[in-house]
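Please read it alongside the sequence and the coordinates.

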Amino acid sequence: MRDLFLSNCEKNFIQKIVSEGHRLDGRNYNESRKLNITFGSDYGSCIVTLGETKVLAQVTCEVVQPKQIRPNEGILYINVEISPMAAPQFEANRQTDLLVYMNRLLEKCYKDSKCIDLESLCIVVEEKVWSIRVDVKVINHDGNLVECASIATLSSLAHFKRPDITRSGDSVIIHTLSEKDPIPTVLFHYPVCSTFAIYNSDILLSDPNFLEESVCTSSTEEESNINGGLLVVGMNQYKEVCLLDLTGAAIYNTNIVHKAIMNAADKCKDIVDLVKKLIASDDNLRQKRVKINFSDIITTEHKMSLCKKDLNIKLKNYNVDNITKIDDSDEEMEKNCMEISKYDVVSAAIQHTAEMFSKKGGSKWIEISSDSDED
Amino acid sequence: MDVDESQLKDFKLKPMKCEFNVLSKSDGSAILSQGETVVIVSVNGPLDIKMQSQSIEKATLEVLCCSKGGKPCVADRYKENIIKQTCDAALLSNQYPRTGITITVQELEDCGGLLPCSLNCACLALINSGLAMRCVFAAVTCVVDEQGDIVLGPSKEQLDTARAVLNFVFDSRDKSLMTGFTEGSFSEDTYKEAMERCRVASDLVFAFYRDIVKQYSKIIA
Amino acid sequence: MADVYKLIHPVKFCNDYLSRNIRPDGRSFKQPRSIKINVDSIKTAEASAVVKCGNTAVVCGIQLELSPPKAEEPNVGFLVTNVELPALCSSKLKPGPPSDQAQVVNNIVSDIVLNSKCVDLKDLCIVPDKLAWVLYCDIVCVDNDGSLVDGCIIALMASLKTLSLPKVSYDAETEEIKVDPKSRTKLEIHSFPIVTSFVVYRLNQSNIILADPTAYEEDICGGSGTNLIVCYNKGLFCGTQKFGGSNLSKDCQDDALKTAKERANIVENIIDVCIRNHKNSSINE
């Protein structure tokens, strides 16, 4: 399947509303989408959801011979895969630019920042070391893959525990999980990437979605877009910068980098705190022998009807409470509200019923729909 | 096929949970857990594909199985082949000539019975995608244990110690065998009995499908 | 004339034959093609066989190697099968890395060898934790005219039956290995899996099965390769695989199992006779 192209009016529209202070999904410039981290039954497996972007990470380990130049260090290997599951435009087993770019960024962020104590992974010098492999799989691509993948890599590395070993003479015995408690990986610091989309070289959008990402890096027909770009900032919990990467146009406004770093510092700290908290509570549950499994992410909370396409536009003044109020009074309304889409949006069905209802007296609804027309 | 209610109680499968529309970018997607095994499947199609892989008669089906960690291996190709041939038989792919349909299967948890779970999840994702289908299909696993008894919906320990593992996929119209694959050795009688039991148990899977679709579509309900 | 008819109306051409209870190549539905086996055909391999089932030709060669066993299973040797489908065996294949079909056939073959337990891998261990045999079984298809798995398994079993392992002495202190190619012991084969392939064809609202199909019959039934593979091993079934094609009814399945049993006995006989002949002739030399 060929690449996805955006029409000029889509691009112009996004450019325009961003310059007017809005975003398509109703967020503020600095607002991130909802972050969710779930751990699987194995050590070192997790799914990270950032809005609609979903990434699966799994850490595995094996005993290998060390590299000759570093005989007393373990090996960390990061591998990113983007299958057609992420979005239809990707092909299976194809090395795309995006893949290479993501792989390199993650390597910079986790390998080159030396956040893992590689020396602790050594078993016998020059003979046996642990090789740790992180497999990052993109399940759904709705923008900001780098941030989502980096949170997934960090959480899975922090969550991972390798089997314990015993050395007796020449031979090394690897204990299974039931024989001896596994050992967690030592992390010196917790780096996390965050992405900012730059619009008109002075507006910073944190956590851009797919549309915002594509618009800021592409150019429109009339005016070539020289002022947009993507800025990735990697920072750890001590607010130290580990990674800076810019794609797109050159920045002539130095303040913007400073602003991005200031923004990222708080955000990264929050994310790292969240990751640490979740891992601690996960550890607690495991000690109580609670079975943890990915099947927990299957819920029936957000159900959509098969026949309706959902809308990912959010109205700024829109408020969920409005519906629920009307809800209680009308049976038919209740039925429809069972199928509120997962974005909490005004889907076509609800708008329709609202219009009918407004004849009775709810003038609020008319206001909202006229609001949306203006937008 | 008429099934006695009391008889059905013996035909217990592992608890199943499913959610549709988990992926926003795919045309159809489903996540399914059978016991502790969890799989996520996305379906994209009909798509515009390269000239050389287009077929003038029917849609070109492509299946990709991704394991959770480690490198891809030969066993993945075998899984892809089974899923592809089964979906090919179930899809009315001659309605979409010169196009491609991609099915991607991602393992999330493997506690035994990954392939049957992937097949069921692929079927659910196809239902969700709205592609025209001849029939739906249900995969059921059973094992022949050390004593020679047939156990439906085996646990991981039972799978590891089993003498033979038999998997069957039935179609929804006349419950005939669409796909089957086995491990280990077994006698002819065991094979036939296992198949009949699985055939009856497939009703449970179809009932589950109906249940799920009902929840998501008010037209049927 | 028939060629043109076949080209223009491929389905009707096939239906015309099958509705008269005969197949396009003149066989009846359950009649397999003739089999020719030659053992010890490649002198550079430790054991080898060439098998022809109709036009399908498969060569199998076994190489031996010594290697330390895996740390997790110190008393187990290795048997590695590798099925190759080079571009020369079929016009559908292109040269390059192993095709998906080759990988699938390889997986089926190695599963059958594993499930039937025809070689006890513990027999391949020489000194636990130190030394074990590795059997590299390379199976190359020279001409693919359907029922590939049948041919691969027959060739593999015939080669394994003629394989003998040289004596190895291992000095525990000096870790010196001595191989004596003169004195050999035969490798014990514990079971005899034989595979019969079928395709399921839909003819006038009912399904029929065709045993030992040709490549043309495989194509016309849809799916890649054969639809039903039944492996029979001395009274037990050790692997039945069904994929693609039409659905399988109960009658067809019973028929298929029966045919597979009968054919397994015949093929076993052919292999035994062939090996006996080979032994006699080598003694005479």
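Helices and strands are named here from DSSP runs, a helix being a run of H or I of at least four residues and a strand a run of E of at least two, numbered from the N terminus. The structure is a predicted model.

## Chain A and its first helix

Just after H1(A), Gly21(A) takes a positive phi of about 95 degrees.

Taken as a whole, the secondary structure of chain A comes to 9 helices and 14 strands. Of its 375 residues, 35% count as buried, and among contacts in chain A between residues at least 6 apart in sequence, 72% join residues at least 24 apart.

## Helix H5 of chain A

Helix H5 of chain A runs over residues 255–287, and its 33 residues reach 48 Å from first C-alpha to last, close to the 48 Å expected at 1.5 Å a residue. Just after H5(A), a positive phi of about 60 degrees is found at Arg289(A).

The buried residues in H5(A) are Ala260(A), Ala264(A), Cys268(A), Ile271(A), Val272(A) and Val275(A). An α-helix has 3.6 residues a turn, so residues three or four places apart point the same way. The partners against which the buried residues of H5(A) pack are elements of chain A, namely helix H3 (145–159) together with the strands S1 (35–39), S11 (192–199), S12 (203–206) and S13 (229–235).

## The contact of chain A with chain B

Chain A contributes 35 residues to its contact with chain B, and chain B contributes 33 residues. On the side of chain A that touches chain B, strand S3 (53–64) and strand S6 (128–140) of chain A each supply at least two residues, and S6(A) gives the most, with 5 residues. By class, this side of chain A has 14 nonpolar, 13 polar and 8 charged residues.

## The contact of chain C with chain B

The contact of chain C with chain B takes 23 residues from chain C and 25 residues from chain B.

How do the axes of helix H2 of chain B and helix H3 of chain C cross, and within what distance do they come? The axes of H2(B), residues 74–90, and H3(C), residues 100–116, come within 8 Å and cross at roughly 100 degrees. Angles of 65 to 115 degrees count as roughly perpendicular, and H2(B) and H3(C) are therefore roughly perpendicular to each other. The residues that meet are Val74(B), Ala75(B), Arg77(B), Tyr78(B) and Asn81(B) in H2(B), and Asp100(C), Gln103(C), Val104(C), Asn106(C) and Asn107(C) in H3(C). The residues of this contact divide into 4 nonpolar, 4 polar and 2 charged.

## The largest nonpolar core

The largest nonpolar core has 215 residues, and those with the most contacts inside it are Ala122(B), Val109(C), Cys152(C) and Ala155(C). Helix H3 of chain B, residues 114–129, provides the largest share of this core, 11 residues. Leaving aside residues up to four places away in sequence, Ala155(C) touches Ala49(C), Val51(C), Val58(C), Val59(C), Cys60(C) and Ile139(C).

Thr81(C) has its place in strand S4 of chain C, residues 78–84. Is Thr81(C) buried or exposed? Thr81(C) counts as buried because it has 23 C-beta neighbours inside 10 Å. Not counting residues up to four places away in sequence, Thr81(C) touches Asn106(C), Val109(C), Ser110(C), Val113(C), Cys137(C) and Ile139(C). By contrast, Thr81(C) and Gln205(C), 124 residues apart in sequence, are 40 Å apart in space, C-alpha to C-alpha.

Leu165(C) lies in strand S7 of chain C, residues 164–170, and with 19 C-beta neighbours inside 10 Å Leu165(C) counts as partly exposed. Its contacts, again not counting residues up to four places away in sequence, are with Leu64(C), Trp133(C), Arg184(C), Thr185(C) and Leu187(C). The C-alpha atoms of Leu165(C) and Asp180(C) are separated by 9.7 Å, with the two residues 15 apart along the chain.

Definitions and conventions. Residues are numbered from 1 along each chain as its sequence is written. Chains are lettered from A and ligands numbered from 1 in the order in which they are written. This is a predicted model: local features need pLDDT of at least 70, side-chain atom pairs count only at pLDDT 80 or more; totals for chains, interfaces and linings use all residues. The expected span of a helix is 1.5 Å times one less than its number of residues. A residue is buried if 20 or more other C-beta atoms lie within 10 Å of its own, exposed if 12 or fewer, and partly exposed in between; C-beta atoms are placed from the backbone. Two residues are in contact if their C-beta atoms, placed from the backbone, lie within 7 Å. Axes are lines fitted to C-alpha atoms, for helices over the stretch in contact, and angles run from 0 to 180 degrees between N-to-C directions. Angles under 35 degrees count as roughly parallel, over 145 as roughly antiparallel, 65 to 115 as roughly perpendicular and the rest as oblique. Ala, Val, Leu, Ile, Met, Phe, Trp, Tyr, Cys and Pro count as nonpolar, Asp, Glu, Lys and Arg as charged, and the others, Gly among them, as polar. A nonpolar core is a set of buried Ala, Val, Leu, Ile, Met, Phe, Trp, Tyr and Cys residues joined through C-beta atoms within 7 Å.
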